[in-house]
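Here is a short tour to take with the structure open beside you.

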Amino acid sequence: MALHFNRAEYDRRIAAVTSAMATEGLDGLLMFQQESMYYLTGYDTFGFCFFQCLYLGADGRLALLTRSPDLRQARHTSIIADIRIWTDEAGAKPATQLRDMLESLGCKAKRLGIENQSYGLTHFNGKQVDAALDGFCRLSDASDLVNMIRVVKSPAELKYVRKAGELGDLAFKAALRKTKAGADEGDILAAQQAAVFAGGGDYPANEFIIGSGPDALLCRYKSGRRKLGKRDQLTLEWAGVYRHYHAAYMRTVIIGKPSKHHAAMDEAAREALAAVEEQMVPGRTAGDVFAAHARVMDANGMKNHRLNACGYSLGAKFTPSWMDNPMFYKDNPVEIQPGMVFFAHMILMNSDAGAAFCLGRTYIVGAKKPESVSKASLEMVVR
């Protein structure tokens, strides 16, 4: 099997989840989040775009219902022994076959948790599951049960996060070697992704973001490329990815002479990031981190140019997004703990001036202070 952790690591995770299930009074858990499946068993696939469900019983028993193309995928990448296939055919009813599987596992009249908030469970399929299990068992939303356990990373996981951080630094160096007036965005993007792959890394859970000129003010990927002008701005958001663990970064690179807006934004972003680092410690909350960001940005006259969030948790994530919870936004009460991993981003977009400036990197929360997984300088980069 192509496992990335030893069996003891998976057993520890399963024990933590079954303990949480007992606290919630659950006899079993129906998982539709690919992150939960990967975390507990190693199962690695993008087949969650179709109907599939991993069952975990209170006794630790695992059973997977999936399509035939993922049978060998599950055998090769996971510790799951009980793999069942729903039938691809006209009028297929995988939710009914899920009920049949659960009945064979003794789940009739039991209370089962279910991950309703999942990219792997569409509204259509969710309605089918509700109908198939109506009167069969009692369902209780458990969308965050596994999430709140996996948000604190083990030492074995943190090794992969640090490796992802190294790959992210290599990707930035590769991008800078290509960045100059006249350079094509496509060449820069290709260099970044190539550096991650060459270092043994993976595809990211969402596209790398690249934009220059007016597009530097965008926070999402868009199709289309341009060449850099003699005086320009280039915003990059990318991630080093290793064993699906992400270390995200964000930087705006200036081509030619920086404008007065860029200089002011650079100063505010670096000061805000330093304030955020001070709050990213055990005992503080995600809301405290955002408050520090907002306080510094607003004091520097950037209130109208900042966002209403300044970062989020990272880990082993699958498409369509590497973003995880908890997020740094106003009054978020989630307490920060050692072993959590966060991407802190200082994003400034001045639409009136047409100026952008972004600064962000990934941290591991330690006992006393956060550890940056990047070795790159935070100084403004001018090409």
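A pocket here is an open set of grid points where a 1.4 Å probe fits, with protein on both sides within 12 Å along at least five of seven lines. Please keep in mind that this is a predicted model. By that definition, the largest pocket holds about 540 Å³ of space.

**The largest pocket**

- The lining is made up of 24 residues, and those nearest the centre are Gln 117, Asn 147, Lys 317, Asp 324 and Asn 325.
- Three elements each give at least two lining residues: helix H2 (34-41), helix H6 (147-150) and strand S11 (324-329).
- S11 provides the largest share of the lining, with five residues.
- Sorted by class, the lining has 10 polar, nine nonpolar and five charged residues.

**Aromatic pairs**

- A pair of aromatic rings is described by how far apart the centres lie and by the angle between the planes.
- The structure has 13 aromatic pairs.
- Phe 5 and Tyr 245 make an edge-to-face pair, because their planes stand at 75 degrees, with ring centres 6.2 Å apart.
- That pair links distant parts of the chain, 240 residues apart: Phe 5 lies in the segment before helix H1 (7-23), and Tyr 245 belongs to strand S9 (residues 245-255).
- Are Phe 5 and Tyr 245 buried or exposed? Both are buried.
- Trp 238 and Tyr 249 are stacked, because their planes are at 10 degrees, with ring centres 5.2 Å apart.
- Here the partners are 11 residues apart, with Trp 238 in strand S8 (residues 232-242) and Tyr 249 in strand S9.
- Trp 238 and Tyr 249 are buried as well.
- One aromatic cluster brings together Phe 5, Tyr 10, Tyr 160, Tyr 242 and Tyr 245.

**Charges over rings**

- Arg 67 places its charged end over the ring of Phe 50, 4.2 Å from the ring's centre.
- Tyr 242, a member of the aromatic cluster, has Lys 163 over its face, at 5.9 Å from the ring centre.

**Helix H2**

- The buried residues of H2 are Gln 34, Glu 35, Ser 36, Met 37, Tyr 38, Tyr 39, Leu 40 and Thr 41.
- H2 also supplies at least two residues of the lining of the largest pocket.

How values were computed:
Residues are numbered from 1 along each chain as its sequence is written. This is a predicted model: local features need pLDDT of at least 70, side-chain atom pairs count only at pLDDT 80 or more; totals for chains, interfaces and linings use all residues. Side-chain values use heavy atoms; hydrogens and water are left out. On a 1 Å grid over the protein atoms alone, a cavity is a set of points where a 1.4 Å probe fits but cannot get out, and a pocket is an open set with protein on both sides within 12 Å along at least five of seven lines; lining residues have an atom within 4 Å of a point. Grid points are joined across faces, edges and corners, and a volume is the space filled by probe spheres set on the points. Helices (H or I, at least four residues) and strands (E, at least two) are DSSP runs, numbered from the N terminus. Ala, Val, Leu, Ile, Met, Phe, Trp, Tyr, Cys and Pro count as nonpolar, Asp, Glu, Lys and Arg as charged, and the others, Gly among them, as polar. Rings of Phe, Tyr and Trp (its six-membered ring) pair if their centres lie within 6.5 Å; planes under 30 degrees apart count as stacked, over 60 as edge-to-face and the rest as tilted. Buried means under 20% relative accessible area, exposed over 50%, partly exposed in between (1.4 Å probe, protein chains only). A charge sits over a ring if NZ of Lys or CZ of Arg is within 6 Å of the ring centre and within 35 degrees of the ring normal.
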